[in-house]
Amino acid sequence: METIHLETIIDADIKICFDLSRSIDLHQISTAKTNEKAIAGITSGLVNVNDYVTWEAVHFGIKQQLTSKISKVEPYIHFRDEQLKGAFKYFVHDHYFKEQNEKVVMTDSFEFSSPYGLLGNIFDKLILKKYMKRFLIERNQTIKEYAETDKWKTILHPNSYSTQVIP
């Protein structure tokens with residue numbers, strides 16, 4: 001099993017960062033390079049606990065589908081998505097949020113493994129870990145860009161957010 005840890009510092013309200021991270025619509029914008037689309041389950045808006053999403057995308061030149069479930073949600077602190085069905089043997093993606101020095105620290109912990117035993121393990125180490133890290137960095141940069149500008153208002157309803165820090 002491989003694990004990717006990423007930290008992204010965002011100068012925005014924690015609630016906006018948390019909700020942008022749960023947004024199906026922003027996810028599709030951030031993954032445009034792989035033509036990722038939500039095709040079943042929750043296909044727009046924000047995911048919540050026990051929701052599932054089936055994604056269709058092109059990775060490594062192959063059209064694939066992956067279904068994940070949101071298994072945990074602690075508002076403004078943490079949420080987890082886990083693969084139910086797809087190309088991975090296993091994946092769990094934890095998203096953590098904390099306020100630090102008047103900014104938000106968004107932390108990803110992405111654990112995964114491929115099928116096919118030893119060959120899958122070699123593929124994970126030599127190719128997939130680097131590919132997935134780049135994929136997550138691009139996604140996080142999109143979240144950061146939207147959160148730090150007024151672009152978030154095109155994704156989230158602006159009247160439901162204040163600029164006050166959430167206790």
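Is F88 buried or exposed in this predicted model? Here are some friendly notes on its aromatic rings.

1. Start with F88 itself: its relative accessibility is 15%, and therefore F88 counts as buried, since the cut-off for buried is under 20%.

2. To read what follows, keep in mind that a pair of aromatic rings is described by how far apart the centres are and by the angle of the planes. In this model the count of aromatic pairs comes to 11.

3. Take F60 and F123 as one example. Their ring centres are 5.7 Å apart, with 65 degrees between the planes, and the pair is edge-to-face. F60 sits in the loop between β3 (52-59) and β4 (62-74), while F123 belongs to helix α3 (residues 117-147), so this pair ties together parts that are 63 residues apart in sequence.

4. Now return to F88, which pairs with F112. The two ring centres lie 5.9 Å apart and the planes meet at 70 degrees, so this pair is edge-to-face. F88 is in the loop between β5 (78-85) and β6 (90-100), and F112 is in strand β7 (residues 103-113), so the pair ties together parts that are 24 residues apart in sequence. As for F112, its relative accessibility is 0%, and F112 counts as buried.

5. Finally, have a look at F18, Y76, F79 and F97 in the structure: ring pairs link these residues into a cluster.

Notes
Residues numbered from 1 in each chain as written. Predicted model: local features only at pLDDT ≥ 70, side-chain atom pairs only at ≥ 80, totals over all residues. Heavy atoms only, no water. Phe/Tyr/Trp six-rings, centres within 6.5 Å; stacked < 30°, edge-to-face > 60°. Helix = DSSP H or I, 4+ residues; strand = E, 2+ residues; numbered from the N terminus. Buried < 20%, exposed > 50% of the residue type's maximum accessible area, 1.4 Å probe, protein only.
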